[in-house]
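Dear colleague,

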Amino acid sequence: NGDFQISAAGSSTPMSFYANGSERARITSDGLFGIGTNAPTSKLYVNGLSTADAITARAADSNGNSVINIISEGTTGNSRIKFSDTAGTDGQISYSHDARALDPK
């Protein structure tokens with residue numbers, strides 16, 4: 001029906017998902033998945049508007065817990081959530097494996 005395209009194996013053509021005639025998501029030949037963009041630059045790239053949440057994580061049960069795991073492979077290093085804007089201002093929340101705690105740096 002024109003809302004979904006699948007490329008043949010070995011093709012460099014991306015897999016695209018359409019709704020109402022507009023592309024809404026894409027998987028590139030490099031395996032990058034973009035939602036709201038046709039040019040993702042990371043494994044998961046979500047582009048949205050400031051009038052709505054870009055990502056929501058919600059637990060499907062009633063125990064009150066919702067978990068997002070950010071895991072660094074190995075037994076050293078850090079896991080980070082980075083915040084930035086187009087002016088280049090940025091900050092981060094960092095977990096230190098060695099300290100087994102959030103790193104205030």
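What follows is an account of what was found, from the overall make-up down to single residues.

Please keep in mind throughout that this is a predicted model. The protein has eight strands and zero helices, so that reading from the N terminus the elements run β-β-β-β-β-β-β-β. Of its 105 residues, 11% count as buried.

**The sheet of S6, S7 and S8**

Three of the strands form an open sheet, in which the order is S6-S7-S8 and the pairing is antiparallel. Strand S6 (78-84) and strand S8 (101-103) stand at the edges, and because each of them has a single partner strand, one side of each is left without a neighbour in the sheet. Neighbouring strands of this sheet are turned against each other by 20° on average, when direction is ignored.

The pairing can be followed strand by strand. S6 and S7 are joined in the antiparallel sense over seven bridges, and within this part of the sheet asparagine 78 stands opposite serine 96 in S7. Strand S7, which covers residues 90-96, also pairs with S8 in the antiparallel sense, here over three bridges, and the partner of serine 94 in S8 is aspartate 103.

Two places between the strands deserve a look on your screen. In the hairpin of S6 and S7, where five residues lie between the strands, glycine 88 takes a positive phi near 90°. Arginine 100 has its place in the loop between S7 and S8, and with a relative accessible area of 59% this arginine is exposed, because it lies over the 50% cut-off. Although arginine 100 and asparagine 78 are 22 residues apart along the chain, their C-alpha atoms are separated by 9.6 Å.

**The largest pocket**

Which residues line the largest pocket? The lining consists of Ile68, Ile70, Ile81, Lys82 and Phe83, and when these residues are sorted by class, there are four nonpolar residues, one charged residue and no polar residues. The space in this pocket comes to about 180 Å³.

**The salt bridge**

The count of salt bridges comes to one. The partners are arginine 26 and glutamate 23, whose closest N and O atoms are 2.7 Å apart, and this pair counts as a salt bridge because that distance is within the 4 Å limit. Arginine 26 is located in strand S3, which spans residues 22-27.

Are the two partners buried or exposed? Arginine 26 has a relative accessibility of 18% and therefore counts as buried, since the cut-off is under 20%. Glutamate 23, with a relative accessible area of 24%, is partly exposed, because this value falls between the cut-offs of 20% and 50%.

With kind regards

Terms used
Residues are numbered from 1 along each chain as its sequence is written. This is a predicted model: local features need pLDDT of at least 70, side-chain atom pairs count only at pLDDT 80 or more; totals for chains, interfaces and linings use all residues. Side-chain values use heavy atoms; hydrogens and water are left out. Two strands pair if DSSP finds at least two bridges between them. Helices (H or I, at least four residues) and strands (E, at least two) are DSSP runs, numbered from the N terminus. Axes are lines fitted to C-alpha atoms, for helices over the stretch in contact, and angles run from 0 to 180 degrees between N-to-C directions. On a 1 Å grid over the protein atoms alone, a cavity is a set of points where a 1.4 Å probe fits but cannot get out, and a pocket is an open set with protein on both sides within 12 Å along at least five of seven lines; lining residues have an atom within 4 Å of a point. Grid points are joined across faces, edges and corners, and a volume is the space filled by probe spheres set on the points. Ala, Val, Leu, Ile, Met, Phe, Trp, Tyr, Cys and Pro count as nonpolar, Asp, Glu, Lys and Arg as charged, and the others, Gly among them, as polar. A salt bridge is a side-chain nitrogen of Lys or Arg within 4 Å of a carboxyl oxygen of Asp or Glu. Buried means under 20% relative accessible area, exposed over 50%, partly exposed in between (1.4 Å probe, protein chains only).
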